[in-house]
Amino acid sequence: MTALSDIPLNTWCWGVGSLTLIVLGIKSTKGYRKSRGQLSKYMAWFSWVFLPCLLAFSVPAIFTLDPGIIRTTSLIGELFFW
């Protein structure tokens with residue numbers, strides 16, 4: 001594990017964003033199943049597709065600060081971002 005003071009600030013922001021997308025995805029999926037509204041469907045899709053991007057940016061820095069691993073996971077996150 002990496003010391004909390006060594007984790008970059010943007011990693012914390014992406015982590016909070018990941019938690020937010022999990023909540024938004026669950027609520028939107030439940031809302032879509034209940035009401036079949038198009039907005040709920042699109043919000044759920046957005047949440048579940050964008051979540052791996054933010055997780056790829058945030059989770060690896062919690063466990064290691066190895067530049068090779070960070071670079072690889074950032075590239076994976078960029079692929080999900082496209």
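## Close-up views of a predicted helical model

View 1. S18 lies in helix α1. Leaving out residues up to four places away in sequence, S18 touches L51, L54, L55 and S58.

View 2. Across the protein chain the pLDDT averages 86, and 98% of the residues score at least 70. Confidence is highest in helix α1, residues 9-35, at a mean of 91. At the other end of the scale sits helix α3, residues 67-81, where confidence is lowest, at a mean of 84.

**View 3. Helix α1 against helix α2.** These two helices pack at an angle of about 155 degrees, with the axes of α1 and α2 7 Å apart. An angle over 145 degrees counts as roughly antiparallel, so α1 is roughly antiparallel to α2. The crossing of α1 past α2 is left-handed. Sorted by class, the contact of α1 with α2 has 16 nonpolar, twelve polar and one charged residues.

**View 4. S47, on the α2 side.** Now look at S47, which is placed in helix α2. Is S47 buried or exposed? S47 is buried, with a relative accessible area of 0%. Not counting residues up to four places away in sequence, S47 touches L21, L24 and G25.

**View 5. L24, on the α1 side.** L24 is found in helix α1. At 27% relative accessibility, L24 counts as partly exposed. Setting aside neighbours within four places in sequence, L24 is in contact with M43 and S47. In sequence, L24 and M43 are 19 residues apart, while their C-alpha atoms are 7.6 Å apart in space.

**View 6. S40 and its partners.** S40 is found in helix α2. This serine is partly exposed, with a relative accessible area of 22%. What does S40 touch, not counting residues up to four places away in sequence? The partners of S40 are S28, G31, Y32 and S35. Take S28: it is twelve residues from S40 along the chain, and the C-alpha atoms of the two are separated by 5.0 Å.

**View 7. R36, in the loop between α1 and α2.** R36 has its place in the loop between α1 and α2. The backbone has something to show here: R36 has a positive phi of about 60 degrees although it is not a glycine. R36 is also exposed, with a relative accessible area of 55%.

**View 8. K27, an exposed lysine in helix α1.** K27 is found in helix α1. With 62% relative accessibility, K27 counts as exposed. How far from K27 is L9, C-alpha to C-alpha? The C-alpha atoms of K27 and L9 are separated by 28 Å, and the two residues are 18 apart along the chain.

**View 9. Helix α2 against helix α3.** Helix α2, residues 38-63, packs with α3 at an angle of about 165 degrees, their axes 8 Å apart. That makes α2 roughly antiparallel to α3. The crossing of α2 past α3 is left-handed. From α2, the contact is made by V49, F50, P52, C53, A56, F57, P60 and A61. From α3 come I70, T73, S74, G77, E78, F80 and F81. By class, that contact has eleven nonpolar, three polar and one charged residues.

**View 10. F63, an exposed phenylalanine in helix α2.** F63 lies in helix α2. Its relative accessible area is 53%, over the 50% cut-off, so F63 is exposed. For a sense of distance, pick out G37 as well: the C-alpha atoms of F63 and G37 are separated by 40 Å. Along the chain, F63 and G37 are 26 residues apart.

Note on methods: Residues numbered from 1 in each chain as written. Predicted model: local features only at pLDDT ≥ 70, side-chain atom pairs only at ≥ 80, totals over all residues. Heavy atoms only, no water. pLDDT = per-residue confidence, 0-100. Helix = DSSP H or I, 4+ residues; strand = E, 2+ residues; numbered from the N terminus. Axes fitted to C-alpha atoms, helices over the stretch in contact; angles between N-to-C directions. Parallel < 35°, antiparallel > 145°, perpendicular 65-115°, else oblique. Left-handed = near helix turned anticlockwise from the far one by under 90°. Contact = heavy atoms within 4.5 Å. Nonpolar A, V, L, I, M, F, W, Y, C, P; charged D, E, K, R; others polar. Buried < 20%, exposed > 50% of the residue type's maximum accessible area, 1.4 Å probe, protein only.
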